[in-house]
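Good morning, and thank you for joining. I would like to take you through one structure, beginning with a strand and its partners and then turning to side-chain contacts.

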Amino acid sequence: MKKAGPQASQLVSEHDNKSRKLKRQLTGQLRQEVFPRLKSLGVAKVRVEYSGYGNTRAINYVEYFDAESQPVDVSSGWPACSPIIEHVVHEFLPENFEAGQGGQGDVTIDIDAKTLTVEHEENYVAVRESTREFDL
């Protein structure tokens, strides 16, 4: 088995650095631009449902809730699915979750706590074996 050379590890490191930098940039934009606007609309939490399989990933829907977990209609003051929220969510989803059998889950963004929680389910094929013997 051939070991990855220094060039391969350097490429991985560069990719990781770019990914961390993008996450910092997006989360900064989320905190500075999106959170204040959502708070002014009475939103305390954002819930995002996602899924993917066969190398295709999707944000299924985005919901907004107040502090009492009641839905908030943000359509008059905010697009139903902010591109910034969607972009941030994609950055925090498990890597390659959409490959093979895929997976799905929910992301909750708590505006006051400034946290993002990913609840992920991974799909897989299970095999159940059995052996039966018959007298003939």
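Please keep in mind that this is a predicted model. Let us start with strand β3, residues 103-110, which is mostly covered, with six of its eight residues buried.

What are its neighbours? On one side of the pairing list is strand β1, residues 45-53, which runs antiparallel to β3 and is joined to it by eight bridges. Within that pairing, Val-107 of β3 is the bridge partner of Val-48. Strand β4, residues 115-122, is likewise antiparallel to β3, and eight bridges join the two. Here Gly-103 has Glu-122 in β4 as its bridge partner. The hairpin of β3 and β4 has four residues between the strands, and Lys-114 takes a positive phi near 55 degrees there.

I turn now to the aromatic rings. How many aromatic pairs does a search of the whole structure find? The search finds one. Tyr-50 and Phe-97 form this pair in an edge-to-face arrangement, with 5.2 Å centre to centre and 80 degrees between the planes. Tyr-50 belongs to strand β1, whereas Phe-97 lies in the loop between α2 (83-92) and β3, so the pair ties together parts that are 47 residues apart in sequence. Are these two residues buried or exposed? Tyr-50 counts as buried because its relative accessibility is 0%, below the 20% cut-off. Phe-97 is buried too, with a relative accessible area of 6%.

One further ring deserves mention. The charged end of Lys-23 sits over the ring of Phe-92, 4.8 Å from its centre.

Definitions and conventions:
Residues numbered from 1 in each chain as written. Predicted model: local features only at pLDDT ≥ 70, side-chain atom pairs only at ≥ 80, totals over all residues. Heavy atoms only, no water. Buried < 20%, exposed > 50% of the residue type's maximum accessible area, 1.4 Å probe, protein only. Pairing = 2+ DSSP bridges. Phe/Tyr/Trp six-rings, centres within 6.5 Å; stacked < 30°, edge-to-face > 60°. Lys NZ or Arg CZ within 6 Å of the ring centre and 35° of its normal.
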